Amino acid sequence: MTGADFIADGEERMKKAIENLQQQLQTVRTGRANPALLDRVEVDYYGTPTALKGLANISTPDGRSLLITPYDKSGLKDIEQAIHKSGLGLTPSSDGSVIRISIPTLTEDRRKELVKVVKKYGEECRVAIRNIRRDSADHLKKTKGEGVSEDDIKRKEETLQKITDKYIKEVDKHIKDKEDDLMDI
């Protein structure tokens, strides 16, 4: 691999870290109904852990509730139990064919707890991006003995740092937006 390949590979990995952060942030409850809240819920379906979104249609009939329509009605109780056990603080109610979840408004204390969770996700992403930068820089330094000049390596490291700074700023923006979203409810 050339130095440019290491930089491109590092940037691609940083993009994936940002995408992962965005997925994590979607699962944080903000007081508005969002089907992504249930993305991490796994249902014990005939002895196999299965993602809820694979077993049911999840919709938002209004801004404060979720409607879960199982593809197989026999899995209704299992879905209900999985939501209870998920730790999301949601209370499902079933009418025998669908499950409704009312999204309660968040208390001030709960919002502050969620802001801490969001900040933790942001810091994990920043660490991942810095680790990617370090790995790419290490690979660049190894090219020194392969006919690449020290000046070229230095320029590529500077480019890598600029890319890293760009993605760190993007992480900060996503975290700030989510915090604002949580506190403006």
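Setting aside neighbours within four places in sequence, R126 is in contact (heavy atoms within 4.5 Å) with I168, V171, D172 and I175. R126 itself sits in helix α3, residues 108-142; helices (H or I, at least four residues) and strands (E, at least two) are DSSP runs, numbered from the N terminus. At 15% relative accessibility, R126 counts as buried, meaning under 20% relative accessible area with a 1.4 Å probe, protein chains only. Its side chain also makes a polar contact with that of E123, at 3.0 Å; such a contact is a pair of N or O atoms within 3.5 Å, where one must be able to donate a hydrogen and the other to accept it, and residues adjacent in sequence count only if both atoms are side-chain atoms.

This is a predicted model, so local features need pLDDT of at least 70 and side-chain atom pairs pLDDT 80 or more, while totals for chains, interfaces and linings use all residues. Residues are numbered from 1 along each chain as its sequence is written, and side-chain values use heavy atoms, with hydrogens and water left out.

On to helix α4, residues 150-183. The buried residues of α4 include I168, V171 and I175, along with I153, L160, I163 and Y167. T164, H174, K178, E179 and L182 are also buried in α4. An α-helix has 3.6 residues a turn, so residues three or four places apart point the same way.

Note on methods: Buried < 20%, exposed > 50% of the residue type's maximum accessible area, 1.4 Å probe, protein only. Expected span 1.5 Å × (residues − 1).
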